[in-house]
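Hello,

Here is the structure I promised to pass on. Have a look at it first, and my notes on what turned up follow below.

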Amino acid sequence: MNKNSLPLTDTQLSSAPFYLDTAAIKWVKESFNQLEIDEKIAQIILPMCRDLSEEGISAMMALRTGGVHRFPSYSEEELRRSAQQLIEHSPIPPLLTADIEMSEKASIKVGTSFPNQMTVAATGDPQSAYRMGAIAAREARYMGFGISWTPVADLALNFRSNAVNTRSFSDNIEMTNAFVSAYIDGMHDNNLVACVKHFPGDGLDERDQHYVTTHNTMSMKDWRASFGKIYNTTISKDVRIIMAGHVTLPDYYSELGEATLSKAHIPASLNGDLLHNLLRKELGYNGVVVSDATGMAGFTSCGDRKDIVPLCIENGCDILLFPRDIKEDMGFLKAGLANGTLSEDRLNAAVLRILALKASMGLHLKEPAVPDTSRRNELLGTEEHREWTTEVAQGAVTLVKDTQNLLPISPKTHKRILLAESRNRRSPSASMPDLEIPAMLEALGFEITRVTLGEPFDTTNQDIGLYLMAEEGLSGKEVLGPQWERMHGAFPLTMQRMWQHIPTLYVSLGSPFLTFHMPDCPTYINAYSAVLPMQKAVVDALTGVIPFRGVSPVDVSCQLPFFKTC
């Protein structure tokens with residue numbers, strides 16, 4: 001290819017969302033022209049790194065990948081040191097990414113314990129989303145991250161969808177649009193690059209992309225009025241990265257005609273029609289497209305890896321996220337160039353966009369990789385962040401119904417509590433702590449008796465029953481539901497219900513859709529997240545210290561007839 005006729009023009013590099021000046025464009029072109037084919041291939045690869053030792057980082061740097069994904073659960077020292085090493089000693093600075101979705105699992109370990117997106121939406125105030133984005137940006141930046149794969153712009157339209165659920169803001173188009181927009185503002189105003197996911201939009205299919213290709217079954221009319229509207233807004237906000245999900249959009253092919261219907265089952269991460277035509281041409285997006293993780297079955301089930309890895313780039317993704325084997329996938333990309341599956345023009349365009357992204361972040365200026373430790377108190381776990389978290393938690397606890405007028409509870413009138421709770425909790429990859437709500441209640445003077453698993457519960461001499469379930473929406477989690485076996489024991493004890501014997505309340509610190517499984521539960525509360533500030537807010541709301549201010553961001557009736565709320 002003639003180096004003077006690059007597949008991206010100066011106009012594309014200087015316009016949204018990159019806005020590169022002359023010096024930055026010069027750096028992009030000079031960096032591009034210095035790259036050999038193998039180095040270009042390395043630029044479009046973004047692997048995860050679990051070994052943050054100096055040796056582990058050196059080994060990763062030797063591969064010269066375009067970016068490195070690290071996990072926010074690592075220690076402050078490990079994250080800051082590895083970021084410094086990666087930025088300072090790489091010929092072309094890499095993109096340093098994380099997934100700061102908040103919740104119990106996906107926030108900076110030593111930072112602010114902030115709840116998930118649906119909790120934020122339950123406050124009804126988009127400023128809460130702005131603050132969420134600001135906290136994510138400040139704390140991620142301090143740890144040496146430049147990009148977060150957030151926010152989630154999916155709609156919680158199917159209450160059976162575990163992978164969307166509380167990770168999304170709501171099932172409402174206007175609310176989601178407003179909260180996603182505010183979140184991006186919070187990120188951008190605090191110098192972190194946002195990534196909107198999962199194009200073309202998840203939340204209709206109850207299945208999880210980790211395990212199968214999922215489908216967005218909307219008509220294109222409905223899609224343009226919902227997801228299309230949301231993505232239009234994010235593009236107008238100059239979002240620099242959009243993640244292509246392993247999600248199909250079959251009705252798009254109804255518009256294209258029968259000749260293309262055979263491609264209706266191909267997910268966006270492998271679909272040139274959805275990325276080149278719908279996203280870039282129709283929506284006018286000029287930024288970087290990253291695939292969702294390519295180890296997911298939603299991707300790998302689409303064909304042999306040697307074939308689909310080059311097709312991922314050819315059909316519109318600029319970054320191949322989380323290769324199964326870095327060197328092997330690089331080999332597949334190089335073989336794709338040789339056999340024509342991947343064109344050199346598409347490879348070059350992807351590399352140029354990645355370099356433009358890096359320049360837009362100022363990486364070409366070789367500034368310090370991480371903020372100085374003197375800024376720790378203004379960026380990490382600050383008093384302001386804690387105050388914002390408390391405001392969100394107290395504003396989100398949602399009373400769905402209290403048909404027995406049980407609330408508020410008090411040690412004077414409801415001293416003895418029979419408790420059934422989810423214990424030994426796990427995320428897909430790690431154990432989670434038991435809830436602290438029982439200890440908080442005991443500190444207020446309540447007496448807690450726990451249900452003994454495997455034994456019929458005894459409500460004698462108990463004033464009220466209390467269920468505590470804490471299962472947030474989470475990708476990679478196969479089952480979300482009331483999980484009666486964990487509350488009561490094996491069948492037939494799973495058929496027990498405390499509210500059939502004593503006044504009882506149920507609190508979900510996770511999925512808001514458990515109402516589907518217990519429409520007869522007389523007192524039900526949604527708290528969306530089990531982070532500690534949320535647990536404290538639940539206790540305060542139960543005991544009348546604060547009112548229930550939350551408004552449900554989703555339809556908790558789950559379309560059940562005759563479902564009654566407060």
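Two strands count as paired if DSSP finds at least two bridges between them, and the strands themselves (E, at least two residues), like the helices (H or I, at least four), are DSSP runs numbered from the N terminus. Before the details, please note that this is a predicted model, in which local features need pLDDT of at least 70 and side-chain atom pairs count only at pLDDT 80 or more, while totals for chains, interfaces and linings use all residues. Residues are numbered from 1 along each chain as its sequence is written, and side-chain values use heavy atoms, with hydrogens and water left out.

Let me start with the sheets. Ser148 has Ala194 in β5 as its bridge partner.

There is also an open sheet of six strands with mixed pairing, ordered β11-β16-β15-β14-β12-β13. Here β11 (398-402) and β13 (447-450) stand at the edges with a single partner strand each, so one side of each is left without a neighbour in the sheet. From one strand to the next, the twist averages 20°. Strands β14 (residues 464-469) and β15 (residues 504-508) run parallel and are joined by five bridges; the partner of Leu468 in β15 is Val507.

Now for a helix pair. Helix α4 (residues 54-61) packs with helix α5 (residues 76-88) at an angle of about 30°, their axes 10 Å apart. (Axes are lines fitted to C-alpha atoms, for helices over the stretch in contact, and angles run from 0 to 180 degrees between N-to-C directions.) Glu54, Ile57, Ser58 and Met61 in α4 meet Arg81, Ser82, Gln85 and Leu86 in α5, where contact means heavy atoms within 4.5 Å.

Finally, a pocket: an open set of points on a 1 Å grid over the protein atoms alone, where a 1.4 Å probe fits, with protein on both sides within 12 Å along at least five of seven lines; lining residues have an atom within 4 Å of a point. The second largest pocket is lined by 25 residues, and Arg141, Asn191, Met361, Pro368 and Ala369 lie nearest its centre.

Best wishes
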